[in-house]
Amino acid sequence: MKKIFSLVLVLALTLALGIPALAADAEETAVPEITLSASAEKVPAGKTVTLTLSLTGELKDINSFEYYIKYDPAVVELTESKAGAASDLTKIGTPPETNYKTGEEDTSKAVTVSAVKFADTGVFSMTEGAVAELTFTVKADAETGTSAGFSLEKVAVCDKTFVNDAVKVQTGEAPEVTVGTAAVLGDVNGDGEIDNLDANLVYRYFNGKVTLTDEQLAAADVNGDGEVDNLDANTIYRYFNGKITAFPAA
């Protein structure tokens, strides 16, 4: 009986000691991931949307990093870009035609985000966080409902021997961004009128009773301070009651 008890005790201790080790191994083998997010899902013509390319985890001892963010140039155009803090080697530009993987000659349909260590044996690491931020403006003649056509494609993440597949990295899906309708300040419920119903809707949002779409939030921020709160609701009430004839954000 004592022998059986001893064996059970040894087994229990072995499992107990092994679980932390297994957890540590799982953390060490977590695969880094590259994702692309958007500041809005629906963007009216003439307005901007910012895409953020981010790294979750860390890419260690790599020689090169390159991703394409593709888009429809008939719908949006790149108007601003900046590198993030993930690497001080990050560059943003237009893909060279010789490396444009789709076979298309029109390289204006993509932006390349890359980081390269040019020394033959040089390596660098990328830390978790933003790799790049790209701001696109929706063209004035873009039709409502049209997709911006964003997609994310891995070109290469190479180790110091320039071998691509030697570095494990996951690539997420690109966000779906479409052209939205232009917001009419104050008409939060979209019924064509600016009245007490709109003000009440903003109050309910401020108090956590309802949620609003991106377009509704744009229409609700009538004082233009970037927040939708009781001040906006009060301003809409004042407009409805004839106390003011225009919104501060107009």
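This is a predicted model: local features need pLDDT of at least 70, side-chain atom pairs count only at pLDDT 80 or more; totals for chains, interfaces and linings use all residues.

Modeller: Start with two strands side by side. Strand β5, residues 76-83, pairs with β9 in the antiparallel sense, over seven bridges.

Now look across to β3. Strand β9 covers residues 129-138, and β3 pairs with it, again antiparallel, over eight bridges. Leu-51 stands opposite Leu-134 in β9. Thr-52 stands opposite Glu-133 in β9.

How enclosed is β9? Seven of its ten residues are buried, so the rest of the structure largely encloses β9.

Move on to the next neighbour. Strand β1, residues 33-38, runs antiparallel to β3, residues 48-56, and six bridges join them. Glu-33 stands opposite Thr-56 in β3. Glu-33 also stands opposite Gln-170 in β11. That brings in another pairing: β1 and β11 are parallel, with two bridges.

Five strands make an open sheet in the order β5-β9-β3-β1-β11, and the pairing is mixed. β5 and β11 (170-171) are the edge strands, each with a single partner, so one side of each has no neighbour in the sheet.

Next, the packing. The largest nonpolar core has 36 residues, and the members that touch the most others are Leu-53, Leu-59, Phe-65, Ile-69, Met-126, Phe-136 and Phe-150.

Zoom in on Phe-150. Leaving out residues up to four places away in sequence, Phe-150 touches Val-49, Leu-51, Ile-69, Lys-70, Tyr-71, Val-76, Phe-136, Ala-174, Pro-175 and Val-177.

Look at another ring pair. Phe-65 and Tyr-67 are both buried. In general, a pair of aromatic rings is described by the distance of the centres and the angle of the planes. The count of aromatic pairs is five. Among them is the pair of Phe-65 and Tyr-67, which is tilted, with 5.2 Å from centre to centre and 35 degrees between the planes.

Thr-112 lies in strand β7, residues 110-116. Buried or exposed? Thr-112 has 7% relative accessibility, so it counts as buried. Its side chain makes a polar contact of 3.0 Å with the side chain of Glu-66. Setting aside neighbours within four places in sequence, Thr-112 is in contact with Glu-66, Tyr-67, Tyr-68, Lys-91, Ile-92, Gly-93, Thr-94 and Pro-95.

Now leave the strands. Apart from the largest core lies another core, of 13 residues, among them Val-188, Val-228, Ala-233 and Ile-236. Two of these sit in helix α4. Residues 230-240 make up α4, where Asp-232, Ala-233, Thr-235 and Ile-236 are buried. These four cover an arc of only 160 degrees around the axis, which puts them on the same side of α4. An α-helix has 3.6 residues a turn, so residues three or four places apart point the same way.

What does that side meet? The buried residues of α4 pack against α2 (196-206) and α3 (214-220). Asp-229 caps the N-terminal end of α4, with a side-chain oxygen 3.1 Å from the backbone nitrogen of Leu-231. After α4 comes Gly-242, with a positive phi near 80 degrees.

Finally, step back to the whole chain. The protein chain has four helices and twelve strands. Buried residues are 35% of its 250 residues. Take the contacts between residues at least 6 apart in sequence: 73% of them join residues at least 24 apart.

Conventions:
Residues are numbered from 1 along each chain as its sequence is written. Side-chain values use heavy atoms; hydrogens and water are left out. Buried means under 20% relative accessible area, exposed over 50%, partly exposed in between (1.4 Å probe, protein chains only). The arc is that of the directions from the helix axis to the C-beta atoms. Contact means heavy atoms within 4.5 Å. A polar contact is a pair of N or O atoms within 3.5 Å; within protein, one must be able to donate a hydrogen and the other to accept it, and residues adjacent in sequence count only if both atoms are side-chain atoms. Rings of Phe, Tyr and Trp (its six-membered ring) pair if their centres lie within 6.5 Å; planes under 30 degrees apart count as stacked, over 60 as edge-to-face and the rest as tilted. Two strands pair if DSSP finds at least two bridges between them. A nonpolar core is a set of buried Ala, Val, Leu, Ile, Met, Phe, Trp, Tyr and Cys residues joined through side-chain atoms within 4.5 Å.
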